[in-house]
Amino acid sequence: MPEIARESSERGELVLRRRDDDGALELRVNGVFVMDDRETSSEELLASAALASVQRPDCVLVGGLGLGYTVRALLTDDRLGAVVVAEIEPDLVAWMRSGLVPSVLDDPRVSVVVGDVRAVVAASADASLDGILLDVDNGPDFLVYNENSAIYASPFLTVCRSKLRAGGALTVWSSSASDALETAVTAVFGVCSVTPVPVTLQGRAETYYVYQGSLSTV
């Protein structure tokens, strides 16, 4: 399997490679498959669910750049004003800027902050965002980086809620069903919608999940 790029950070090793069997571009972190450019339906649903829940998406924040498919799907909506992307791995941003990964960063609506999504969200002004989309790890039950567990817990979700305008929504991607995540979102927003997303991953049938809590406009 041809390796395109490899870099290390304090969180571990990032590897970008091209699969021999289907030619897909694949991202692995610490040896764990994270995503590829072959099956992107759940990233697209994450974006569409977030956009469908707000009337005026003037500014949304995306936690996790990945291969760019969540941001790419957001940019198809002409209503979208601005997208702030929080990505903790500078090398992932550099790969996209250099063209190793097809870029979504040249759209003038997109800005990137290299840093932990928790710090980026906390630094945002209260009631300044119409949507927060979190696709930072595989979900609370199959973490690539253990410190990301805090992203799925009530304290951080409460911070997210404080940054949303009325009518705004928090939308979270997970590689598996998680009762704990559903409970946490419900505790913070009063209700949580859960959408299963059937996918085919390298010939295997899998199901990913999108969790969402929103703020009433009333």
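**View 1. The aromatic pair.** A search of the whole structure, which is a predicted model, finds one aromatic pair, where rings of Phe, Tyr and Trp (its six-membered ring) pair if their centres lie within 6.5 Å, and planes under 30 degrees apart count as stacked, over 60 as edge-to-face and the rest as tilted. The ring centres of Trp173 and Tyr208 are 4.9 Å apart and the planes meet at 65 degrees, so this pair is edge-to-face. Because Trp173 belongs to strand S9 (residues 164-174) and Tyr208 to strand S11 (residues 204-214), the pair ties together parts that are 35 residues apart in sequence; helices (H or I, at least four residues) and strands (E, at least two) are DSSP runs, numbered from the N terminus. Both Trp173 and Tyr208 are buried, buried meaning under 20% relative accessible area, exposed over 50% and partly exposed in between (1.4 Å probe, protein chains only).

**View 2. A charge over a ring.** The charged end of Arg72 sits over the ring of Tyr69, at 4.8 Å from the ring centre; the criterion is NZ of Lys or CZ of Arg within 6 Å of the ring centre and within 35 degrees of the ring normal.

**View 3. Cysteines without a disulfide.** The structure holds zero disulfides, a disulfide being a pair of cysteine sulfur atoms within 2.5 Å. The closest cysteine sulfur to that of Cys59 is in Cys160, 14 Å away, which is too far for a bond. Cys160 is likewise in no disulfide, the nearest cysteine sulfur, that of Cys192, being 13 Å away. Cys59 counts as buried at 16% relative accessibility, and Cys160 counts as buried at 0%.

**View 4. Surroundings of Val83.** In the largest nonpolar core, of 41 residues, Leu74, Val83 and Trp95 touch the most other members; such a core is a set of buried Ala, Val, Leu, Ile, Met, Phe, Trp, Tyr and Cys residues joined through side-chain atoms within 4.5 Å. Leaving aside residues up to four places away in sequence, Val83 touches Val60, Val62, Leu74, Leu75, Arg109, Val110 and Ser111, contact meaning heavy atoms within 4.5 Å.

View 5. The buried residues of H1, among them Leu46, Ala50 and Leu51, pack against elements including helix H2 (69-74), strand S8 (129-134) and strand S10 (193-201).

Residues are numbered from 1 along each chain as its sequence is written. In this predicted model, local features need pLDDT of at least 70 and side-chain atom pairs count only at pLDDT 80 or more, while totals for chains, interfaces and linings use all residues, and side-chain values use heavy atoms, with hydrogens and water left out.
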